[in-house]
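Hello,

Here is the structure I promised to pass on. Have a look at it first, and my notes follow below.

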Amino acid sequence: MATPTVTTTIKRITVAIDCSPYSRASLSAAAEIAGRLHAELSGVFIEDINLLRMAELPFTQEIQAHTARFEPFDLARAERMLKKQSKTASRLLRESAERFAIPHSFRTLRGTVPSLLLSAALDTDLLAIGRWGNTPSCKRGLGSTAQKAVRESKTNVLVAHHAGFSLQSPLVVLFDGSRGALNALETALGLVQQKTHLHVFLLANNEAEQEKNRNRAEQHIGRKTGLVEFHNVPLTSGTLLRQCINMTGPGLLLVSENTDALDKEAIYRLIDSVECPVLLVRSTA
Amino acid sequence: MPIPEPLSHTDLYNRCDPESLSFKSTKELDEAITVSGQDRAHEAIRFGVGMKHQGFNIFALGPAGTGKQTALENYLEQKATDEPVPLDWCYVYNFADMRRPMAISLPAGDACGFRDAMEQLLEGLLTVVPGAFSSEEYQEQEKNIKEEFAERQASEIEKLEKIASEKNIALIRTPSGFAFAPVKKGEVVNAEEFMRLKSAEKEAIEKEIGTLKESMQSIMKQIPKWQRETRKKLNELNRQVAAFAVKPLFSELKNTYKDHKAIAGYLDDVEKDAVEHFGQFLEKDHDKQQTPISPLQGKETDSRRFNPYRVNVVIDNCKTQGAPVIYEDKPSIQNLVGDIEHLAQMGTLVTDFTLIKAGALHKANGGYLILNARRLMMEPLAYEALKKAIRTRQIRIESLAQLYGMASTLSLDPEPIPLDTKIILLGERRLYYLLSAHDPDFNELFKVAADFDDDMERDHDAHLFYAAFISSIIRQEKLRHMDASAVARVIEYGSRLSGDSSKLSTHIQSITDLVNESGYYADENNNDLITHGDVQQAIDARRYRAGRVPEKIEDAILQNTILIDTESEKVGQINGLSVYTLGNQSFGKPSRITTRIKMGKGEVVDIEREVDMGGPLHSKGVLILNGFLGGRFGQDQPLSLSATLVFEQSYGEVDGDSASSAELYALLSAISARPVKQCFAVTGSVNQYGGVQAIGGVNEKIEGFFDLCLKRGLTGKQGVLIPASNTRNLMLREDVRDAVRENRFFIYPVNHVDEGIEILTGIPAGRKQDDGSYPDDSINGLAVRTLKAMAEKQKKQKENSNTDNENT
């Protein structure tokens, strides 16, 4: 069986920066990946149009997070705050890019956040986004913007986790022998460093299939890295898979959107529930 | 009155016969020294040491170098060996009040074991606690609790969001909080559109948003409460996990020390603290990653973090045998009661209980502490601290800097340790009497005075003690041994040192020095043993080394710069003898004393006193002469003379009454107009009846005059008149003894001035006859005649004067 063509080149990365802790984590992860792949980093700060509209309303009051007091919230204040956040975002991007000596650019857009972000990422190879943003009820699963990016983005998506990111930590790739899985594996091989452990989770329901997948993965990996471990994971439930991933404690989970073993919804649920950064690889061929 | 015979050369020296010593050399003497001649002091020490009641501490008084310390240490070391070994003491952290570290006592030798056990416990905690908190079970539970909080918060907000959403209102996050806004098709209604709404619609929206805001505020007000609840749950979980993890470690240790109440209590506190502050055991790796200012500082900080779990053993008696006997050479307050040291950390002085240092009182607790009293007094606050410790029977460590207010950093107040120590002060007599007179506490706290004598009776036992002592010095200093003749010479030196031929000096230091110096000359002379000659050479060399001043004075006399006549006869002039002490050397020197008489009211004027150059004792001696003259010559007629007395060419203060007999001889010579033989020198004090009394420094005085005569050439007439009662003090040099033996120099023991004046003038003093008169050709007779003539002349002058007044 001939090895299918894989396309995993990441040359431009768009990172959404809203100055929240998760967006800082996504910036850090994006910068490290960009540094590793010699990619260009493009920072985007979006001034939420809904926030500005709300500020124009005559009765709007802000409930302060740390005091629970009401404070008037007008357009001038909103503009001032957004401008300040934009400057901070620009500075954060510059600092990260300089650390990895990568080319970078920054732009501030105004509009509805999720849609504007997806369109901003259209001409790039990876959209890096924080697991959660500024959504008020944001402490469970993915935030609304991250969910939209995972589900609707046309490009690869990196969902960063608050717990930090390092390419020296182990990488986990879900592999079922499909073309999408090969893409994910290829992306992982591009990211692994000399001493990074690569864990390949072989998703199959029987030994023969597992063996076949393993041979295929081994053939693809070849001599590109020596620190590879294969794990057989039966496709019994998503919970088991999540537990296996969490137990490995990876620095990054790479999963393809187009696999045979898991449907898209299962993959979205997985991304929603794992406790590590995830790189969702979309097949472009 | 018959004049006394001059002393025989055998009277001038109490020789020690080497044959009387039962050994040929000190090599044969290897017995321990048994201190001799200080029975009174030893009895006092024995009593003081035996008395266990408060205040029966000892002050050993006596001149420096008399072996007080050696004697005490020897006695105490013997006694202390059979006494129980005192407790170990350690300081531990006080979890209730960190400024007051707790003192814990343990049986001798156990403190180090306790310290090591606590170190092992700490190591265990650093392993067990991180293990427990990194377990999956714990992390799962922790995560659940945190998620519960997040769920609760999110759920409440979601509920509100949903309610809002049903009313087309969105909850929007602002940069610093939340706000509500009406939405239409997923987007916030802009201001223009809102303004186009009917008033009722606008009011309804505003009302709804107002209600939602209130609800949101209510939720947010509850968040801190939920956080507290979450934290409480987490704390409880942590406590349970930590308690479970550390329990086995503590159980083992508590079992070991179950019978020790203080340690058991301390271990309870440690366990409680370890559970409460489990986080510190998890921070080990984190701290190591911090970049310290200096490697040392980093290490120190890391190491000191766990000090509350450590033990500071201040007294470890694991190698002590018997009760301790401690001599503190520098009794500063820190060295006595201990100290709290500080560390400089980031420019600040910090301390904790591990920096508590024990003092001499701690080390001597349960035993004996010997201190030099003078050094104690010279150390600021040390004496007061010692008294306080004795009085309160406890050792309280106080920082000198804190007492003086020099350090304002947070310091410690360690728990005092009970004190049970016998304190022994060593000091001079003067210091003892000063303290006794002026310090009200002293007599209460130092009730036993061990008075060390300056000398001891010279008998056979004392000779053997000297020999044994010399032997011990020789062994200690690794010198050549001494033959018996050398030992005998040292004994004779000891006798001379004491100033009494029937006694021996107890000034151990002088004897030790002489033995060492003799050893040096024995080396130089290549003698196998230190011989009599080596000892004599050492004595002579010592005299030579100290001889610059006496030689200068002697040269001045020989060159007649200082006028001392040793040949002719002069009226009213006599050679007195004085002793000069420079450093630790004394020497004698003759002084010319002259007297002149004139008519007057019967008074003797002491010129020294008139110009404030005479000390009180000297003035007293001169006034006694008045009494003598009045008693002898003033009973039948008034004394119509006035006499002046002076020490010629004296440029410093004159004190002492040892020249009073010489002054009286000069007066008698002047009154009787009979010359005194200048070949004699005189010493001795006199009483109102003419009795000649003992004086000090007789050997130096005789040798001083002898040396001058020897330089000028001995004529076979020269000599010295000394009080007969000083004969027992004579330990004269060999050359003096030889001159006496060869009748080239004479020493007359005089009991009464009448004996002396006859020797000095060759004319009898004259005994009072039944009619109250004296023989005409006697000194007294001549004196009476002179005084009578003066009285008559004075009477005549008075009568003439009265007649002149009447005529006028």
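Which side chains of chain A and chain B meet in a salt bridge at 2.1 Å, N to O? They are those of Glu275(A) and Lys143(B). A salt bridge here is a side-chain nitrogen of Lys or Arg within 4 Å of a carboxyl oxygen of Asp or Glu, and the count between the two chains is two.

Before you read on: this is a predicted model, in which local features need pLDDT of at least 70 and side-chain atom pairs count only at pLDDT 80 or more, while totals for chains, interfaces and linings use all residues. Residues are numbered from 1 along each chain as its sequence is written, chains are lettered from A and ligands numbered from 1 in the order in which they are written, and side-chain values use heavy atoms, with hydrogens and water left out.

**Where the chains meet**

Contact (heavy atoms within 4.5 Å) links 28 residues of chain A with 36 residues of chain B. Together the chains bury about 3,000 Å², 63% of it on carbon and sulfur atoms; buried area is the accessible area (1.4 Å probe) that two parts lose on being put together, summed over both. There are also 12 residue pairs in polar contact across the interface, both residues at pLDDT 80 or more. That term stands for a pair of N or O atoms within 3.5 Å; within protein, one must be able to donate a hydrogen and the other to accept it, and residues adjacent in sequence count only if both atoms are side-chain atoms.

On the chain A side, α2 (49–56), β3 (61–64) and α3 (75–100) each supply at least two residues, and α2(A) gives the most, with five. Helices (H or I, at least four residues) and strands (E, at least two) are DSSP runs, numbered from the N terminus.

β3(A) is joined by two bridges to β5 (residues 177–184) of chain B, and the two run antiparallel. Ile63(A) stands opposite Phe178(B) there. Strands pair if DSSP finds at least two bridges between them.

**The sheet in chain A**

Ten strands form an open, mixed sheet in the order β5-β2-β1-β6-β7-β12-β11-β8-β9-β10. β5 (104–111) and β10 (228–234) of chain A stand at the edges with a single partner strand each, so one side of each has no neighbour in the sheet. Further in, β11 (residues 252–256) and β12 (residues 278–281) of chain A run parallel, joined by four bridges, with Leu254(A) opposite Leu279(A).

Best wishes
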